[in-house]
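This report describes a protein model for a reader who is new to structural analysis. Please keep the sequence and the structure in view while reading.

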Amino acid sequence: MSTRSDTLDRAAELRAQPGAIDTLRAAEGTRVVVVRDRRLRIADRAVVRARVAEVGDAEWALLGRDADGAALLLASVPPEHESIDAAPEETWLGLREVGGMLDPLEAEIFVTAVALAAWLIDVRHCSRCGTLLELRNAGWSRHCDGCDAQHFPRTDPAVIVAVESPDGERLLLGANAAWRGTMYSCFAGFVEAGESMESTVHRELAEEAGVRLRELHYVSSQPWPYPRSLMVGFRAVAADEDVAADGEEIIDVRWLTRDEIGRALAGEGPVGLPSRSSIARRLIEDWHRGELKRGVLSERSEPK
């Protein structure tokens, strides 16, 4: 059982118990987190817990135990759902809308529920033989009776990097083509087959901004369920100030001073910044406060 009040107790020992979901659905005091179209109900800066009887038809899984030890289930319901749709529409929020309003435990419940619900919806047939899969381990795995394959929720690692100038006085941000120049952010990309995270950082910065890196520090990570990513955050120092946007994914790159970043964080320009729900925002805020110094993972300027 978890010893930290800010971490979800996932109750892994319950997953292997036969009929765990049915038993918990029938138990008094069990609570349910409902996910509808990758949105959850939020009230008073917390994820709303429903009663089992309120939910009706759903895909079910075990999230774990709530802070007080009560069983916490996930119910993934379709976009149009008779029993739960009586809740006010404005209480259904996505991750970007939630921003930084949730405390660590509520945030972990939120992202775990969204990620697991997406997997329950997306993975119903075996990718090897096409057989309809059987749900097991209280919603955390599926088994194929056709070829005996096991399927588990997957997480796709991605890196995100705050790059500062050699003198440490400016931060390099880029405008993604999808944002049409309205927002600047840190540089990010998925880890490719055979890559380490450090190699991915060097490759992405070289491809998107033409930047060579002098050193690289791990900072922190964030689950990002769109639908199943893990964003691994780094701080890097550029070897020089020569930069060039690739013109396809990144349409502009800019070195911004600490004062410019401060004004942007206050919503006063000169660029728009990511929402408070994202690790990109936290990397930028930490750099602005001078709090991004961490242990060095790599001192090399280019991947070998």
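Where does N137 lie? N137 is found in the loop between β8 (134–136) and β9 (141–143).

## Basis of the report

This is a predicted model, in which local features need pLDDT of at least 70 and side-chain atom pairs count only at pLDDT 80 or more, while totals for chains, interfaces and linings use all residues. Residues are numbered from 1 along each chain as its sequence is written, and side-chain values use heavy atoms, with hydrogens and water left out.

## Overall form

The protein has eight helices and 17 strands. These elements are DSSP runs, numbered from the N terminus: helices are H or I runs of at least four residues, and strands are E runs of at least two. The C-alpha atoms fill a box of roughly 60 × 45 × 40 Å, taken along the principal axes.

Of the 304 residues, 48% count as buried. Buried means under 20% relative accessible area, exposed means over 50%, and partly exposed lies in between, with a 1.4 Å probe and protein chains only. A contact means heavy atoms within 4.5 Å. Among the contacts with a separation of 6 or more, 64% are between residues 24 or more positions apart.

Helix α5 comprises 19 residues, 104–122. The expected span of a helix is 1.5 Å times one less than its number of residues. For α5 this gives 27 Å, and the end C-alpha atoms are 27 Å apart, which agrees. D103 caps the N-terminal end of α5, with a side-chain oxygen 3.2 Å from the backbone nitrogen of L105. Because 14 of its 19 residues are buried, α5 is largely enclosed by the rest of the structure.

In soluble globular proteins, nonpolar side chains tend to be buried together. A nonpolar core is a set of buried Ala, Val, Leu, Ile, Met, Phe, Trp, Tyr and Cys residues joined through side-chain atoms within 4.5 Å. The largest such core has 47 residues, and those with the most contacts inside it are L74, F110 and L173. Helix α5 gives the most to this core, with ten residues. Apart from it lies another core of 18 residues, among them V211, L216, I250 and W255. Leaving aside residues up to four places away in sequence, the residues that L74 touches include V32, W60, A113, L116 and L120.

E215 lies in strand β14 (residues 213–224). Is E215 buried or exposed? E215 is buried, since its relative accessible area is 16%. A polar contact of 2.5 Å joins the side chains of E215 and H217. A polar contact is a pair of N or O atoms within 3.5 Å; within protein, one must be able to donate a hydrogen and the other to accept it, and residues adjacent in sequence count only if both atoms are side-chain atoms.

Rings of Phe, Tyr and Trp (its six-membered ring) pair if their centres lie within 6.5 Å; planes under 30 degrees apart count as stacked, over 60 as edge-to-face and the rest as tilted. By this rule the count comes to two aromatic pairs. Y218 and F234 form an edge-to-face pair, at 6.0 Å centre to centre and 80° between the planes. This pair links distant parts of the chain: Y218 is in strand β14 and F234 in strand β15 (residues 229–238), 16 residues apart. Y218 is partly exposed at 33% relative accessible area, whereas F234 is buried at 2%. W224 and Y226 form a tilted pair, at 5.1 Å centre to centre and 55° between the planes.

## Backbone features

Most residues other than glycine have a negative phi, and most peptide bonds are trans. Phi of N137 is near 50°, a positive value in a residue other than glycine, and N137 is partly exposed at 32% relative accessible area. Phi of R45, also positive, is near 60°. R45 is placed in the loop between β2 (39–43) and β3 (46–47) and counts as exposed at 55%.

Which peptide bond is cis, with omega near 0°? The bond from Y226 to P227 is of this kind, and P227 is found in the loop between β14 and β15. A cis peptide bond joins G269 and P270 as well, with omega about 5°. P270 has its place in the loop between α7 (258–265) and α8 (279–289).
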